[in-house]
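Good morning, and thank you for coming.

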Amino acid sequence: MSVKKTVSALSAFFAILLFAEALAFAAGPKVEIFMTSWCPYCAKAEAFFKAKGVPFSASDIEKDSAARMRFQKYGQRGVPLVVIGDIVIPGYSVAEYEKALAVAKAGPSASSQPKMVYGK
């Protein structure tokens, strides 16, 4: 492959990466809810994000062993546990969810480590 074709291929590759990153940013922050089927506050957390039109994934830690392992890495014992971008929120708190959504929509943080913002 010639140098010109290699440079052209690399340019296209990086353009695709930038486009994918822009799409991910425009879609909003990644939201994950760790929950159980019997928890009323988990249901409230799900209802909050549905009402706001915020896409999220909900994982039942009693039925999904992979979700339970991801949940355990946060060192929390109770549900719901909501992760918005890199912000970890144990418990049900509309105020904390709204703050975290605002921070996550503002852009990526400098830290790649999840941070606790509410309780522990």
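The buried residues of α4 pack against β1 (31-35), α2 (40-52), β3 (81-84) and β4 (87-90). Contact here means heavy atoms within 4.5 Å. Helices (H or I, at least four residues) and strands (E, at least two) are DSSP runs, numbered from the N terminus.

A word on the source: this is a predicted model, in which local features need pLDDT of at least 70 and side-chain atom pairs count only at pLDDT 80 or more, while totals for chains, interfaces and linings use all residues. Residues are numbered from 1 along each chain as its sequence is written, and side-chain values use heavy atoms, with hydrogens and water left out.

Which residues of α4 are buried? They are E96, Y97, A100, L101 and A104. Buried means under 20% relative accessible area, exposed over 50%, and partly exposed in between, with a 1.4 Å probe and protein chains only. Seen down the axis of α4, these buried residues fall within an arc of 135°, so they line one face of the helix; the arc is that of the directions from the helix axis to the C-beta atoms. The face turned away from the buried side of α4 carries the exposed residues K105 and A106. Just after α4, G107 takes a positive phi of about 135°.

I turn now to the charged pairs. The structure holds three salt bridges, each being a side-chain nitrogen of Lys or Arg within 4 Å of a carboxyl oxygen of Asp or Glu.

One of them joins R70 and E32, with the closest N and O atoms 2.7 Å apart. R70 lies in helix α3 (residues 65-72) and E32 in strand β1, so the pair ties together parts that are 38 residues apart in sequence. R70 is partly exposed at 31% relative accessible area, whereas E32 is buried at 9%.

Another links E98 and K52 at 3.4 Å, N to O. Since E98 lies in helix α4 and K52 in helix α2, this pair ties together parts 46 residues apart in sequence.

Finally, E96 pairs with K99 at 3.1 Å between the closest N and O atoms. These two are three residues apart in helix α4, separated by about one helical turn.
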